[in-house]
Amino acid sequence: DSGAPPRYALRAIATRPRAEAEGLATALAARGIDTIIEPMLEIRCFAGPPPDIAGVRAVLCTSANGVRAFARACPERAVPLFAVGEATAARAHAEGFAHVESAGGAVGDLARLVVERLDPRAGRLLHCTGNAVAGNLAGELGAAGFSVERAVLYEARPAAALSRTTAAALAAGCIDVALFFSPRTAAIFVRLAAAAGLAAAMRRVAAISISAAADAALTPLIFGERHIARRPDQAGILAALDPMIAARCGR
């Protein structure tokens, strides 16, 4: 016995944008979970001049997509980068940023880390975002005396419909769990599932959300179970899955 989990103890839907969902699917496979990647958002970087970083004390990224978009738009890698969580920080390291700090949590945690580490008189902050932004990072930091400029570097386009593969799997009762990493993607999934006539199928699905806000967006649908990760990151989502795997495998 190698101690490895049995293959495909569960089947999951990953609703993250594709780049993040592929890494998530690898982590799930190691736990014996088969994954359908069903992105609720398509990420498209904007073309245009790079953001002006003259006088910027630090770059703030509240998602891995923000890191990717900034790295694509600007060759600068020496500017300190503050990341909302470990996955965003890992992306920054992978893109070659020399000075990366992780708040290890949510937007409020990032604001507190910046206040703790930086002097508001040292220069402005650049928040790299998409066309839609969650939380009020600029407001929290502004209240602490910081000057925050938002650089909109990409757009996140909502999916128009569930794929045939996902719709068929849900209708057949072949999905055990659906994973949600933001309120926006959760809300899009709710809308598309209802439009596809799959509301009743959700009663056979457990939902795991990264935050209370993401979980609240699922309220219009009745899931078999709803859970909120104890930590607002991928590790928290995976930890929330472990009891389900143990129950399915009889461990």
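A: Buried means under 20% relative accessible area, exposed means over 50%, and partly exposed lies in between (1.4 Å probe, protein chains only). Keep in mind that this is a predicted model, in which local features need pLDDT of at least 70, side-chain atom pairs count only at pLDDT 80 or more, and totals for chains, interfaces and linings use all residues. Residues are numbered from 1 along each chain as its sequence is written, and side-chain values use heavy atoms, with hydrogens and water left out.

Q: How many aromatic pairs does the structure hold?

A: A pair of aromatic rings is described by the distance of the centres and the angle of the planes. Rings of Phe, Tyr and Trp (its six-membered ring) pair if their centres lie within 6.5 Å; planes under 30 degrees apart are stacked, over 60 edge-to-face, and the rest tilted. The structure holds 3 such pairs. In one of them, F70 and F97 are stacked, because their ring centres are 5.8 Å apart and their planes stand at 25 degrees. F70 belongs to helix α2 and F97 to the loop between α3 and β6 (100-102), so this pair links distant parts of the chain, 27 residues apart. F70 and F97 are buried.

Q: Are the rings of F180 and F223 stacked or edge-to-face?

A: F180 and F223 are edge-to-face, with 6.3 Å from centre to centre and 75 degrees between the planes. F180 lies in strand β9 (residues 177-180) and F223 in the loop between α8 (212-216) and β11 (225-228), so the pair ties together parts 43 residues apart in sequence. Helices (H or I, at least four residues) and strands (E, at least two) are DSSP runs, numbered from the N terminus. Ring pairs also join F180, F189 and F223 into a cluster.

Q: Which ring does the charged end of R77 sit over?

A: A charge sits over a ring if NZ of Lys or CZ of Arg is within 6 Å of the ring centre and within 35 degrees of the ring normal. The charged end of R77 is over the ring of F97, 4.8 Å from its centre. R16 lies over the face of F181, at 4.0 Å from the ring centre.

Q: How many salt bridges are there?

A: A salt bridge is a side-chain nitrogen of Lys or Arg within 4 Å of a carboxyl oxygen of Asp or Glu. By this rule there are 14. One of them joins the side chains of E101 and R117 at 2.6 Å, N to O. E101 lies in strand β6 and R117 in helix α4 (residues 107-117), so the bridge ties together parts 16 residues apart in sequence. E101 is partly exposed because its relative accessibility is 27%, and R117 is partly exposed at 42%.

Q: Where in the chain are R124 and E149?

A: The side chains of R124 and E149 meet in a salt bridge of 2.4 Å, N to O. R124 is in strand β7 and E149 in strand β8, 25 residues apart, and the pair links distant parts of the chain. R124 counts as buried at 18% relative accessibility, whereas E149 is partly exposed at 36%. Salt bridges that share partners join D52, R124 and E149 into one network.

Q: What is the volume of the largest pocket?

A: Rolling a probe the size of a water molecule over the atoms shows where empty space is left. On a 1 Å grid over the protein atoms alone, a pocket is an open set of points where a 1.4 Å probe fits, with protein on both sides within 12 Å along at least five of seven lines; lining residues have an atom within 4 Å of a point. Grid points are joined across faces, edges and corners, and a volume is the space filled by probe spheres set on the points. The largest pocket has a volume of about 980 Å³. It is lined by 37 residues, and the closest to its centre are T62, S63, A134, F181 and S182.

Q: Which residues of α2 are buried?

A: The helix α2 is mostly covered, with 7 of its 10 residues buried. They are A64, N65, G66, V67, A69, F70 and A71.
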